[in-house]
Amino acid sequence: MWIYEKKLQYPVNIQKPDPAMAKLIIAQLGGSDGEKGASDRYLNQRYAMPYPEVRALLTDIGTEEMAHEEMIATMVYQLMKGCSAQQIKAANAADYYVDHTAGVYPQGANGVPYTTAYIQSKGDPITDLSEDLAAEQKARTTYENLMRLAKDPEVYGPLLFLREREIVHFQRFGEALDFVRKDLDCRNYYRYNPAFDR
């Protein structure tokens, strides 16, 4: 399906520990609008997608989101690496530390563990692609919020890259939705579900 290259999609090389920033950035790993949810969403939606071109897009973007998970996990690890228990406590990250030490665990910035309840796969191309468009916009907004809080350029750079990929994915999903609509009755997009009804 794809070839794994043993390098990050964008380099992450954070030298200065910052457990407070790690506690925020982890939202994009296991939070409700994070990369793990995006990957799970797209890779599961592809099975019911009746259009091979759109199924391929879901596969491509879903696997790219796995690369983004890897980037976020690397950022969280590097931001926590070498921190003392006192630094972690001062950053209000002691609750995370108690459960995971410096391990990377998919959760939101609020501490809620990742759950597949964050995603949806309805088996209806218009419904699923509309959800995908919204998911990409929510992720973009989260990256913008993180960028406003990031002071270190070594943190800001990867966040900027990831934000740009959310914009590209939004554009691709918009094109996919247009493609599906052109195949349906243009006077009534919701006349039937092409993945189920004929």
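Me: Helices are DSSP runs of at least four residues, numbered from the N terminus. Which helix gives the largest share of the lining of the second largest pocket?

Reply: In this predicted model, H7 contributes the largest share of that lining, namely four residues. The elements that each give two or more residues to the lining are helix H2 (27-30) and helix H7 (125-149).

Me: Which residues lie nearest the centre of the second largest pocket, and how many residues line it?

Reply: The lining holds 14 residues, and Leu24, Ala27, Gln28, Ala109 and Thr142 are those nearest the centre. The volume of this pocket is about 190 Å³. By type, the lining has six nonpolar residues, seven polar and one charged.

Me: Why is Glu35 called buried?

Reply: Buried means under 20% relative accessible area. Glu35 has a relative accessibility of 1%, and therefore counts as buried. Glu35 belongs to helix H3 (residues 35-45). Setting aside neighbours within four places in sequence, its contacts include Gln28, Glu65, His68, Tyr143 and Glu166.

Me: Which residues does UniProt list for "binding site"?

Reply: An unreviewed UniProt entry lists Glu35, Glu65, His68, Glu136 and His169 under that heading.

Me: What makes one say that they cluster in space?

Reply: They are spread over 135 residues of sequence, yet the largest C-alpha distance is 12.9 Å.

Me: What makes a group of residues a nonpolar core?

Reply: Such residues must be buried and joined through side-chain atoms within 4.5 Å. The largest nonpolar core here has 25 residues, and those with the most contacts inside it are Met21, Ile25, Ile72, Met75, Leu79, Val155 and Leu159. Helix H1 (19-25), helix H4 (52-80), H7 and helix H8 (153-183) each give two or more residues to this core. H4 gives the most, with six residues. Another core lies apart from it, with 17 residues, among them Met49, Ile126, Ala135 and Leu177.

Me: Which residues does Leu79 touch, not counting residues up to four places away in sequence?

Reply: Leu79 touches Ile14, Lys16, Pro17, Asp18, Pro19, Met21, Ala22, Ile25 and Val155. Of these, Met21, Ile25 and Val155 are also named among the residues with the most contacts inside the largest nonpolar core.

Conventions
Residues numbered from 1 in each chain as written. Predicted model: local features only at pLDDT ≥ 70, side-chain atom pairs only at ≥ 80, totals over all residues. Heavy atoms only, no water. 1 Å grid on protein atoms, 1.4 Å probe; cavity = no way out; pocket = protein on both sides within 12 Å on 5 of 7 lines; lining within 4 Å. Points joined across faces, edges and corners; volume = space filled by probe spheres on them. Nonpolar A, V, L, I, M, F, W, Y, C, P; charged D, E, K, R; others polar. Buried < 20%, exposed > 50% of the residue type's maximum accessible area, 1.4 Å probe, protein only. Contact = heavy atoms within 4.5 Å. UniProt positions renumbered as here; feature names shortened; annotations may be inferred.
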